[in-house]
Amino acid sequence: MLVLTLPLLFHPLAVAAERSAKAAALSYFNTQLGVQYVGSKACAQCHADIYREYMQTAMGRSMVPPGDAPDFPAAPVIIQSEKLQRQFEVFRKDGALYQSEFEVDASGNDVFRDTQRIAYIMGAGQNGIGYLVQKGNYLFEAPLTYYTRSRSWGLSPGYELADYGFLRPVPEACIVCHSGRALPVENRPGLYQNPAFEQLAIGCENCHGPGQLHVEQRLKGSPLRGADLSIVNPVRLPSWLADNTCMMCHQAGDTRILQPGKSYADFRPGAPLDQTVAIFAAPFTPASPPRSPLLQHYELMILSRCYRASLRTGKIMSCITCHDPHFQPPAAQAPAYYRKKCLICHTERSCTLALAARLRQSDNCIGCHMPQQHLERIAHSALTNHRIIAHPGEPFPQAAFEQTTSALLDLVQVDAAPGARTAPPDIVLFQAYGELMSKNPAYKSRYEKLLDQLASSQPRSPVILSALARRALAGGTPGDLTAAKDKLSQAINEGSTLDSDYDLESQLLDRSGETAEAISILKRGIALNPYSPRLYKRLALLYIRARDYGDALGVMKQEIKIYPEDSFMRMLIQRAEKM
């Protein structure tokens, strides 16, 4: 348990928890890969009341078809972006929901207009509601979000930083926590099977694991002797292992890296999360304690005085101590509901605030001790801070700054199993350092050291080959450029699907005079990434340099069709058509 200081890592409680966790992980038969998912409606046949109640929760409504769109003003809503010098519109037409991005000239005529039909609605409206569009079998985020707290439309999170249009792909890492059962295509960001989902909203099996064995045994009337081991019951799990299921979606850390050969779909409730994904955080210091509560619920909870006190009792606090995943109290009833949770451990006398003052605040424990915090990165949004505090300004415990281990000195693995004594695989750490070093240059030396080691131990890894190519490119000599080109070629041949690899390889081939090969590699890249504007743009420029203006114009028109927001490409097309 990473909340424990180093001297307490092998406390008897932690060791006992580790042993019981291993037994629990082995005892539930549906934690094994190969057990099939059956869908929440199969569960509802026997658990109808629980199912009906659950479907009213935010998780039960995490993704819906457009026909179930929440109400918003019937007239078209138009949002102006001064930074992009564009306008965005949301409207209904013939029963369907649409979003548009457009630009008008001085005469009020459209310079371009990109209108897309909404395919899915994501989010139950706790803070906002997002929208997805589908192009072929690709899913993309729409540029406008409805922010329920302010009852207003605005740019989706991240759109204030970059010009995505309708081409921001929805990766598996994102959609897995907003849907019941997504069906992504491996190593193809944004590409999904048809249909894209087996189940839209988060369902029973997201927390209980696949239900095939349970349904089969119950339909057969198989006798039960003790606990039903055909399906995971989180209440029967050790607290940290139950929390792992919640952490899958409610604990982001500073970076999350899949374990080698794993996908998010491999995670099974009841099995340790770190077998599927490693969640890392940079160590806290008194000068830089954790700031944002955004998807840091577990990490903040275990730094609470309540949690730390529970370690001494043997009845360790967990997410489900306070949250019943099957039930979500209405907002007006939430203070009283959670106050009852507090009184499981506390008494009326625990609160030192005068009764009259408490009643003026509706006797709201969570309002004082778990205040909502506005989010820096998401407009119009606030989240409950899950570090339970006794009083405002309460400092973090010393344990917050002592979470590293002798096996991993410069990162905290938030989801490490209790008593873990070894560091994650080198390839996982390498990727973690690579993602973090732009914000913390101190990680660069570890990144470079691991790259050298992995170049020998995993010479055919596309991730390593791509990194070696970029390091060689930084050298700048003719030999370095040749090495970079060769490494990228190997990365592509070993299965890289990153459009950035194809883009860079084409540039290096062109610089060495191999323009025909550069064009060929871009065509391969476009076949894998048909919605990547950068590849079309690079290919068009290569055709122009080769004086193949017909093919250049064809590629430019392809690009402007998928990304009409591209003013540079519109200018090139205008010039080409005049030639």
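A disulfide is a pair of cysteine sulfur atoms within 2.5 Å. By that criterion, the sulfur of Cys207, which is 6.6 Å from the closest cysteine sulfur, in Cys246, is too far away for a bond. The structure holds one disulfide, which joins Cys177 to Cys249. The model is predicted, with local features requiring pLDDT of at least 70 and side-chain atom pairs counted only at pLDDT 80 or more, while totals for chains, interfaces and linings use all residues. Residues are numbered from 1 along each chain as its sequence is written, and side-chain values use heavy atoms, with hydrogens and water left out.

**Cysteines**

- The sulfur atoms of Cys177 and Cys249 are 2.3 Å apart, and the link is left-handed, with -90° about the S-S bond.
- Helices (H or I, at least four residues) and strands (E, at least two) are DSSP runs, numbered from the N terminus.
- Cys177 is buried at 17% relative accessibility, whereas Cys249 is partly exposed at 24%. Buried means under 20% relative accessible area, exposed over 50%, and partly exposed in between (1.4 Å probe, protein chains only).
- Cys342 takes part in no disulfide, and the nearest cysteine sulfur, that of Cys365, is 4.2 Å away. The relative accessibility of Cys342 is 26%, which counts as partly exposed.

**Helix α14 and its surroundings**

- The buried residues of α14 are Ile427, Val428, Leu429, Phe430, Ala432, Tyr433 and Leu436. Their cover includes β13 (255-258), β14 (277-281), α15 and α16.
- Helix α14 (residues 426-436) and helix α16 (residues 462-475) have axes that come within 11 Å and cross at roughly 45°. Axes are lines fitted to C-alpha atoms, for helices over the stretch in contact, and angles run from 0 to 180 degrees between N-to-C directions.
- The two helices α14 and α16 are therefore oblique to each other. Angles under 35 degrees count as roughly parallel, over 145 as roughly antiparallel, 65 to 115 as roughly perpendicular and the rest as oblique.
- The crossing of α14 and α16 is left-handed, a term for a near helix turned anticlockwise from the far one by less than a right angle, with right-handed used if clockwise.
- Ile427, Phe430 and Gln431 of α14 meet Val463, Ile464 and Ala467 of α16, where contact means heavy atoms within 4.5 Å.
- By class, the contact of α14 with α16 comprises five nonpolar residues, one polar residue and no charged residues. Ala, Val, Leu, Ile, Met, Phe, Trp, Tyr, Cys and Pro count as nonpolar, Asp, Glu, Lys and Arg as charged, and the others, Gly among them, as polar.
- Lys444 belongs to helix α15 (residues 444-457) and is partly exposed at 42% relative accessibility. Between Lys444 and Tyr433 there are 7.0 Å in space, C-alpha to C-alpha, although the two are eleven residues apart in sequence.

**Helices α21 and α22**

- The axes of α21 and helix α22 (residues 567-578) come within 10 Å and cross at roughly 145°, and this crossing is left-handed.
- On the α21 side the contact is made by Leu553, Met556, Lys557, Glu559 and Ile560, and on the α22 side by Met569, Arg570, Leu572, Ile573, Ala576 and Glu577.
- Seven nonpolar, no polar and four charged residues make up the contact of α21 with α22.

**Asp510 in helix α18**

- Asp510 is located in helix α18 (residues 499-511) and is buried, at 12% relative accessibility.
- Apart from neighbours within four places in sequence, Asp510 contacts Thr515, Ala518, Leu542 and Arg545.

**Backbone geometry**

- Most residues other than glycine have a negative phi, and most peptide bonds are trans.
- Asn194 and Pro195 are joined by a cis peptide bond, with omega about 5°; Pro195 lies in strand β12 (residues 192-199).
- Asp94, a residue other than glycine, has a positive phi near 50°. Asp94 sits in the loop between β3 (86-93) and β4 (96-104) and is exposed, with a relative accessible area of 77%.
- Arg547 is not a glycine, yet its phi is positive at about 60°. Arg547 is placed in the loop between α20 (533-545) and α21 (549-562) and is exposed, with a relative accessible area of 66%.
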